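Subject: Structure handover

Hello,

Here is the structure for you to look through. My notes follow below it.

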Amino acid sequence: MKRQLDRGRLFLWFALLFCGGLWAATPGGGKKEFDHATTGYILSGAHQSAACEGCHQNGILKGTPKACASCHGPSARIQATPWPGGHIQTLATCDTCHQMKAWLPARFDHGSLGNERCSSCHNGNTARGKPSDHPNTNADCATCHRTTAWTPARFDHSQVSPGQCASCHNGDGAEGKPAGHITTTASCDSCHLTTAWTPATFNHNNVTAGTCTTCHNGTTATGKPSNHLPTSASCDSCHRTSAWTPATFNHNNVTAGTCTTCHNGTTATGKPSNHLPTSASCDSCHRTSAWTPATFNHNNVTAGTCTTCHNGTTATGKPSNHLPTSASCDSCHRTSAWTPATFNHNNVTAGTCTTCHNGTTATGKPSNHLPTSASCDSCHRTSAWTPATFNHNNVTAGTCTTCHNGTTATGKPSNHLPTSASCDSCHRTSAWTPATFNHNNVTAGTCTTCHNGTTATGKPSNHLPTSASCDSCHRTSAWTPATFNHNNVTAGTCATCHNGSTATGKPGNHLPTTASCDQCHRTSAWTPATFNHSNVTAGTCTTCHNGSTATGKPGNHLPTTASCDDCHRTTAWTPATFNHANVTPGGCASCHNGSTATGKPGNHLPTTASCDQCHRTTAWTPATFNHANVTPGGCATCHNGSTATGKPGNHLPTTASCDDCHRTTAWTPATFNHSNVTPGGCATCHNGSTATGKPGNHLPTTASCDECHRTTAWTPATFNHTNVTPGGCATCHNGSTATGKPGNHLPTTASCDDCHRTTAWTPATFNHSNVTPGGCATCHNGSTATGKPGNHLPTTASCDECHRTTAWTPATFNHSNVTPGGCATCHNGSTATGKPGNHLPTTASCDACHRTTAWTPATFSHSNVAPGTCATCHNGSSATGKPGGHFVTTRSCDDCHRTTSWTPTLTYSHISIGYRAHRAGVDCNDCHRNNSEVISWQFPAYRPNCAGCHANEFETDEHKKVNSPRIYYTVSELQDCTGSCHLYTDSTFTQIQEARSNEHRPTDGGFD
């Protein structure tokens, strides 16, 4: 029994030895032959590169712990990478924060802490604690801070008891009351918000009416300014508690008719000097809100009593050119304005117009009127004399001369076509001309029945002798143009008619020829005529052009034996050409001697130079003269009025040489150097005789020209206003001496220099410092000064609530009282700028992302965005999308990116079981060479082991299995390069000669 037991123990020992050796001889802990996942513990991350004996110490396989702390704890049985001494104290498992591939970076989920206080870790030892400058508080960190970052921090003041602000805000625990704060014992929250110190509010609700000056005394708070309306009334009588402006004055309790008690010109604005003289109270016409517009109620004025006021003194009266009448003004005029005025003719009896329109009471019948006893309203309207109408509808046809007899109305003129026909046979009732005559029924060839020179225009004496009827050539609408059809005339028979008798013949000066007219002339007109010179022999022009057969060389022709066609064209004598190309330079006078060709005229500049030194061969003018060699100051040698143009009679008297002022190319423009002129001596020359003097409309002054004008030009001129007495502008600027106030100027008695600068009228300034707040519309009403434009934001607020007195824009608008989320009430694209077309599609209110001070920069909170839905907005349209060179992946943006910025990206954890944590010297694109998320195994047979990518790098001679006989490992045996490749003593592979582990690690820089 004992022997059997010993044999059993021996067998077990050999089995363990064999299995252990087999296990140890298998690269990577036997992962090829042994699937570690079957143990219930999958090797991933850094565990993939760990040696088997790192966990399975002393060859013990069974019972190896799986919890992180069992190996990595401070007193663990297996001393793997230990838990550092300064590690945060926690009962959570390692994988709660750490990943398998590396300890760092670590993530910590504060959501699993439950009600654990932050300070249990954030105490300055275990984790970062409260800094030295932190406000004094016993509250837990989570009260103000978020678990993602310390800042921004929030503090919920909702639990703070009202009036307890100073417990923290004492200048030590938190920011306290500044030195310049209004003196008060009130709690901070009486005026300030818990979100920010400003804007601050002060509730005046409990302030006793009339006690404003208790604080608003100029020391504790802003008091009454020095230019305030003198009054002992309390501030709240006119001002609001929200702001000084706009201010209101309630005239409700002012006794009617007592306006001048204040509006006396001292206490408040009084009646201006140009006011309508009246003893009536201001409120009779004016409103309590503004002086203008003012109204006058004529409702209770007794009809017909207008002149009681409108007498030319109290108010505008009847002008001198008024229609003489004793009728009351309101008979024709309205109470709102004199014009337009109306006169109602409705009740005027028809035919009684002359009762008024008699030339005295009202305009009567003019002297050149058509003699008639008919009433005015027979032809004229009551609205105007012209246009006038006369209805011919009921006039009997043919009875026109009853009126149109030259007396009653225009009759037949003396040069009228003799006829007994009625006017309406040819004329219309609307006008005499145009008149018509219908020739449609006239028998062809019977024109002379009328057109005989008596009844109607006949054939004139110079008419072509013919017995043909008029309508053979003429139209019934007009004599000319007339036509004659030459289509059937036999060619060469023109002279049959064109013989000087029947029709125009060959004139006396015609080129002698027996040729027929139609060889050169057209049947439509004699001219232009053509002659074909194409077959004329060159140089034989004078055969015809001899002065007899055709035009020859004129008496004044250039003497020459050359043929006409050397210079002239066959189409016309002029223009003619002469080729000077072969003329010897300087030989112009050989021809241009006044005989052979045009020579030097009598008024030519005396010179012996050849023509071509100044003139061109194409034309005498323009000519040039080179002044380059003329001695400076020697101009008058030629320019003496004889040899060449000299100094004109009206020239500025001077002994200076021409070239002091003039150029050699032209007399004008000329220059004059004033540098040596004595200042103030301008009038020595500029006296109106020697040179241009002071014009008649010049500003009256004894100052020298150069005090305002420049020596280069009269304008622009300057005037130094430095010594002008302030307020004395109108002394000159009165519209006569200098430009005065234009007709459309803002009505004011202020001096020009109150608003305008001495350099220019515009831009002008206006000091609004003394303008009563809220009173902008008094001037800015669209008449006195620019008012509210048509497209202005609808509002009854005063201009100065939003605009500055220096300019309309930029304008401000206080959004502090706008209800959150109500932005679109105004910002709807009509009232104010709305959401642009390219805005991110959203139903959120503007203030969810934008500030009230400006649209940009804007913020967007991603806190409520569902993980993995980034591309819903970040699609390249709604918001920035994935760029063109981005890594090809279907993963959501937030797998790698943060919501605060795209870069830096988060550390990426590979989820593939085949990935080994490569660190040193390996970039993403070393494996992902096609920029794709999924890559193919280079050697699929070995996946998911190292050889799946690195099989081609396996060196057999470096991997010996047995020295003798020499046996080497194969790739298949060592496909997990991170495992063991022991050297055995012999080919039985039962005894390890040399243990070799961790030769290669994916975290190394390479295999060696």
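Asp895 is partly exposed, with a relative accessible area of 36%. The side chain of Asp895 meets that of Arg891 in a salt bridge, at 3.9 Å from N to O. A salt bridge here is a side-chain nitrogen of Lys or Arg within 4 Å of a carboxyl oxygen of Asp or Glu. Arg891 is partly exposed as well, at 29% relative accessibility.

Two notes on the source. This is a predicted model: local features need pLDDT of at least 70, side-chain atom pairs count only at pLDDT 80 or more, and totals for chains, interfaces and linings use all residues. Residues are numbered from 1 along each chain as its sequence is written, and side-chain values use heavy atoms, with hydrogens and water left out.

**Salt bridges**

How many salt bridges does the structure hold? The count is 3. Side chains of opposite charge can pair when their charged atoms come close.

One of them joins Lys961 and Glu973, whose closest N and O atoms are 2.5 Å apart. This pair links distant parts of the chain, 12 residues apart. Lys961 sits in strand β1 (residues 960-962). Glu973 sits in the loop between β2 and β3. Helices (H or I, at least four residues) and strands (E, at least two) are DSSP runs, numbered from the N terminus. Is Lys961 buried or exposed? Lys961 counts as buried, at 11% relative accessibility.

Another salt bridge is formed by the side chains of Glu801 and Arg240, at 3.7 Å from N to O. Here too the pair links distant parts of the chain: the two residues are 561 residues apart, and each is in the loop between α4 and α5. Glu801 is partly exposed, with a relative accessible area of 36%. Arg240 is partly exposed at 40%.

**The loop between β2 and β3**

Gln975 lies in the loop between β2 (967-968) and β3. Gln975 is buried, with a relative accessible area of 2%. A polar atom of its side chain lies 3.0 Å from the backbone oxygen of Ser972.

**Backbone**

Which peptide bonds are cis? Among them is the one from Thr386 to Pro387, with omega near -5 degrees. Another cis bond joins Thr433 and Pro434, where omega is about -5 degrees. Pro387 lies in the loop between α4 (68-72) and α5 (924-927). Pro434 is placed in the loop between α4 and α5.

Phe989 has a positive phi of about 55 degrees, although it is not a glycine. Phe989 is in the loop between β3 (983-984) and β4 (992-994). Its relative accessible area is 30%, so Phe989 is partly exposed.

**Cysteines**

How many disulfides are there? The count comes to 0, where a disulfide is a pair of cysteine sulfur atoms within 2.5 Å. Cys564 counts as buried, at 15% relative accessibility. For Cys520, the closest cysteine sulfur is in Cys517, 9.2 Å away and too far for a bond. Cys520 is partly exposed, with a relative accessible area of 26%.

Best regards

Key. Buried means under 20% relative accessible area, exposed over 50%, partly exposed in between (1.4 Å probe, protein chains only). A polar contact is a pair of N or O atoms within 3.5 Å; within protein, one must be able to donate a hydrogen and the other to accept it, and residues adjacent in sequence count only if both atoms are side-chain atoms.
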